[in-house]
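Student: I am new to this structure and would like a close look at a single part of it. Please start there, and then show me what surrounds it.

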Amino acid sequence: MPASSPQILFLPERIAWQVRRLKLMQEVPGFWAHWDTYVSADCVFAGNNHLFMKTWLYRVTMGSYSYIAGARAGFTTIGSFCSIGPEALIGGLGMHPTNFLTTHPAFFSTKKQAGVSFVRSNAVKELSQTHIGHDVWIGARALILDGVKIGNGAIIAANAVVTKHVPAYAVMAGIPARQIKSRFKKGVADCLEQWQWWNYPERVLKELAPEFTKKTDWTVADIKRLISKASEIE
Ligand SMILES: CC(C)(COP(=O)(O)OP(=O)(O)OC[C@H]1O[C@@H](n2cnc3c(N)ncnc32)[C@H](O)[C@@H]1OP(=O)(O)O)[C@@H](O)C(=O)NCCC(=O)NCCS
């Protein structure tokens, strides 16, 4: 199913989502979704997630503190502390083979996308899982193709089309997306990946927060100092 493209939602499913939405807002701490959103029943939220108007999620799991400002995602795992911009499209698009005699799914899929199928079994895997790491920022109207893995701390520029895996802490822009820079020197990025600050409890992160924005030219020594400060707080 083209989970990330517009599709008709019939009234019973719209009503079922509104019931699920109210239940999620009561049961998952810090979960909030605008009424003009849609989330399929199999999505899972870790907590402190906000879904703004026009967000559409199909088979998505979302880590803590990640939010979506009106984007679509399908068949995707999203880590913690991710910021996803308006009108981004993430996974769930569907793959049509490019080297068969035709790209039309009536010849390789039983799903009857155009109301008919000429085959009894599926010849290809149409949907692959897409993975977004922790602390990833995805800009407005970015497109992340099915099956792509985006490393922790990466930034995807507005309007980028991401076709390949993205290394941790890379800044990607353009069509197809290319790495335009790295957020940190290699040693610093490695250190952050090992530290995994996003797994600390909120109590610790609140105390560390002023340190996170104190400077911009980070060194390995800075990160090591933060790691020992975090263990003192704990
Ligand atoms: C990716 C982004 C963060 C770049 O930030 P930055 O690190 O400050 O980078 P710079 O602005 O110095 O740009 C670096 C280069 O990338 C180019 N660039 C920046 N954004 C780009 C984009 N979206 N697409 C293509 N190229 C881009 C710049 O023109 C510059 O090119 P140059 O080196 O030839 O001059 C920013 O441009 C962006 O796309 N932000 C997304 C905003 C958004 O969608 N917000 C939604 C809210 S969740």
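**A salt bridge and its setting**

Tutor: K111 and E126 form a salt bridge, with their closest N and O atoms 3.8 Å apart. The term stands for a side-chain nitrogen of Lys or Arg within 4 Å of a carboxyl oxygen of Asp or Glu. This pair links distant parts of the chain: both K111 and E126 sit in the loop between β9 (89-90) and β10 (130-132), 15 residues apart. Strands like these are DSSP runs of E, at least two residues long, while helices are runs of H or I of at least four, and both are numbered from the N terminus.

A word on what you are looking at. This is a predicted model, in which local features need pLDDT of at least 70 and side-chain atom pairs count only at pLDDT 80 or more, whereas totals for chains, interfaces and linings use all residues. Residues are numbered from 1 along each chain as its sequence is written, and side-chain values use heavy atoms, with hydrogens and water left out.

Back to our pair. K111 has 43% relative accessibility, so it counts as partly exposed, while E126 is buried because its relative accessible area is 10%. The classes work like this: under 20% is buried, over 50% is exposed, and anything in between is partly exposed, using a 1.4 Å probe and protein chains only.

K23 is partly exposed because its relative accessibility is 46%, and E27, at 53%, counts as exposed.

A further salt bridge brings together the side chains of E211 and K214, at 3.8 Å from N to O. E211 is buried, at 8% relative accessible area, and K214 is exposed, at 60%. These two residues also belong to a network of salt bridges that takes in R225 and K229.

Now step back to the whole chain. It holds four helices and 17 strands, and its C-alpha trace spans about 65 × 45 × 25 Å along the principal axes. Of its 234 residues, 43% count as buried. The chain is divided into domain 1 (6-92 + 127-183) and domain 2 (184-234), with bounds that come from an automatic or database domain assignment. The C-alpha centres of these domains lie 25 Å apart. Their contact takes eleven residues from domain 1 and eight residues from domain 2, where contact means heavy atoms within 4.5 Å.

A pocket here is an open set of points on a 1 Å grid over the protein atoms alone, where a 1.4 Å probe fits, with protein on both sides within 12 Å along at least five of seven lines; its lining residues have an atom within 4 Å of a point. The volume of the largest pocket is about 430 Å³, counted as the space filled by probe spheres set on points that are joined across faces, edges and corners. Its lining has 21 residues, and D135, R183, F184, W197 and F212 lie nearest the centre. Helices α2 (186-195) and α4 (220-233) each supply at least two lining residues. By class, 14 of the lining residues are nonpolar, four polar and three charged. Nonpolar covers Ala, Val, Leu, Ile, Met, Phe, Trp, Tyr, Cys and Pro; charged covers Asp, Glu, Lys and Arg; the others, Gly among them, are polar.

Finally, a look at the backbone. Most residues other than glycine have a negative phi, and most peptide bonds are trans. Against that background, a cis peptide bond joins I175 and P176, with omega about -10°. P176 lies in the loop between β16 (170-173) and β17 (178-182). N48 has a positive phi, near 55°, and is found in the loop between β3 (44-45) and β4. R59, placed in strand β5, has a positive phi near 50°.
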